Amino acid sequence: MNVRPRLIEEIATPMTTPPLLEQPAWIALAAHRDNMKSRHLRELFDEDPTRGLRYHRRAVGLYFDFSKNLITDETLSLFAQLVRDLKVEQRRDAMFAGEHINVSEDRAVLHVALRMPKDRTLDVDGVDVVAQVHHVLERMTTFANQVRGGQWRGHTGKPIKNVVNVGIGGSDLGPVMAYEALRHFSMRDLTFRFVSNVDATDFVEAVRDLDAEETLFIISSKTFGTLETLTNATSARHWLVEHLGDDTAVAQHFVAVSTNAEKVAAFGIDVANMFEFWDWVGGRYSMESAIGLSTMIAIGPENFYEMLAGFHAMDEHFKSAPFEENLPMLLGLLAVWNHDFLGFPTVGVMPYEQYLHRLPAYLQQLTMESNGKHVTRSGERVAYETGPIYWGEPGTNGQHSFYQLIHQGTTTVPVDFIGFANSLNPLDDHHDILMSNIFAQAQALAFGKTEEELRSEGADERTVPHRLMEGNRPSNVILATELSPRLLGSLIALYEHSVFVQGVIWDIDSFDQWGVELGKQLAVTIIPELTSDAPTKLAHDSSTNALITYYRSLKENGRGDGDF
């Protein structure tokens, strides 16, 4: 199938459906919301003793309990109608077919192709992208096996023992999260470090205890022009040459994940060691592409392919399951319900699994870079909320930090709890204690504790107002048997497709990120103004001018006296 671009058509052709706020199902949901605001989860569970059994779904190794949301069958029915009216499933199918659904950049959105099996084909603009993907995967496999097996040698003949991934954004968050999540499956006699922040401390601390003769740098930058990544890569190059005393050593200690062969070669990296990816892969959706090279080296090709299989299993579920059984559909629509209708501005993601401690940071980029948009696909200003703020911390740490606010604060925070039936590191009764807290916290958020219950327990009357727990705070619980490469793939794909569903509902482009650019452009103009011999005349606003001037004073004099 040869798919034509759709950018011009999308922008020039008037919408064939009414704007979101004029959709009958949206209007009905608003009226339904007014009724639901007076309800409490205690009532809903009392009225339907089977609620906890009815409002859960199982698919692709995940058990998804959404019963503790302020919803009824009517809520789901209205959302099903909204999905039909907004043609969410057709938009989903367009993505899987390779149509140019990233309208502002006129690109296909094909992270789903990164995990398609080798026997599949997907012809996009005359090219079988699945064949391209597997060609790169095979090159990655060969290289990963060479590093893991000790055949890849550094400049002095020593095998590689340290791998440093240098990237930023999706070129860092995905690999870091995946490595930490799958550390149990990693090759333990290899050391992995990740450098992203242009703050020199990040690089210096990452390499402080490494032997240059045994260190491999993976430079991940699509254009090989990202300022932060290239600054860190240049410092890595200087560090290596300083320690080994030979510029030619770069070829054996650096590989690139990029599409810019010219810049890669100019840096000193052999283009034979450049691993390609494509403009239809957004950075935040790229962890299973060549961006995941460090992950493959860590966990081995077999486990990496298992992770891809988990992604693909959720892709197939999202593509084929009916609305009422479709996990990404339900998770995405619950996010819209809680954010747009109930007015909850944030979502907490709390993995009760230490290996997933970087998952909230990863999801922050996935969700907020995707759906933090203020115009529709056709460029009209939105008249409703988009993009809730995602944040979180592993359990049980968060319980002794910010759970006070989510239980008794004035801001309601819907929470996704994530847990596993079995620990990868069983130790006495640790895991049962850990998991008991998921169930207890979700129960406490939903039902709280009334004044009557407190008094019946003999609480001091003076403390009753302080101990009152109003409850009625929504949560989802996602359970699985055990964390594995395959399960991680399915879990990440669940959130990816949930983000897609939200974006289609809001009629925004979830796959561009123009908001990232302005600050970067301004920084480039300011950099030369921070040096001691830069011109003193500044052309910014008075605040920026004053900050730059004071910074230079501190830098030049070692102190600032406020005398500009």
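## The whole chain

A compact globule of 564 residues would have a radius of gyration near 24 Å, and the chain agrees with that at 26 Å. That radius is taken over C-alpha atoms, and the globule rule is 2.2 Å times the number of residues to the power 0.38. This is a predicted model, in which local features need pLDDT of at least 70, side-chain atom pairs count only at pLDDT 80 or more, and totals for chains, interfaces and linings use all residues. Residues are numbered from 1 along each chain as its sequence is written, and side-chain values use heavy atoms, with hydrogens and water left out.

Show the C-alpha atoms. They fill a box of roughly 75 × 65 × 60 Å along the principal axes. Switch to cartoon: the chain has 23 helices and 13 strands. These are DSSP runs, numbered from the N terminus: helices are H or I with at least four residues, strands are E with at least two.

Of the 564 residues, 53% count as buried. Buried means under 20% relative accessible area, exposed over 50%, and partly exposed in between, with a 1.4 Å probe and protein chains only.

## Colour by confidence

The average pLDDT of the chain is 94, and 95% of the residues score at least 70. pLDDT is the predictor's confidence in each residue, from 0 to 100. Now select residues 1-15. There pLDDT stays under 50, and the model has 28 contacts beyond four places in sequence for them. A contact means heavy atoms within 4.5 Å. Where pLDDT is low, the predicted coordinates should not be read in detail.

## Stops in the loops

**Asp106.** Look between helix H6 (88-97) and strand E3 (123-124) for the loop that holds Asp106. Asp106 is not a glycine, yet its phi is positive, about 55°. It counts as partly exposed because its relative accessibility is 30%.

**Gly268.** Select the loop between helix H12 (261-267) and strand E9 (274-275) to find Gly268. Which residues does Gly268 touch, not counting those up to four places away in sequence? They are Val250 and Ala251. At 27% relative accessibility, Gly268 is partly exposed. Draw a line to Pro18: the two C-alpha atoms are separated by 55 Å.

**Thr396.** Go to the loop between strand E11 (389-391) and helix H17 (403-408). A cis peptide bond joins Gly395 and Thr396, with omega about 10°.

**Asp428.** End in the loop between strand E12 (415-420) and helix H18 (430-447). Asp428 has a positive phi of about 50° without being a glycine. Its relative accessibility is 76%, so Asp428 counts as exposed.
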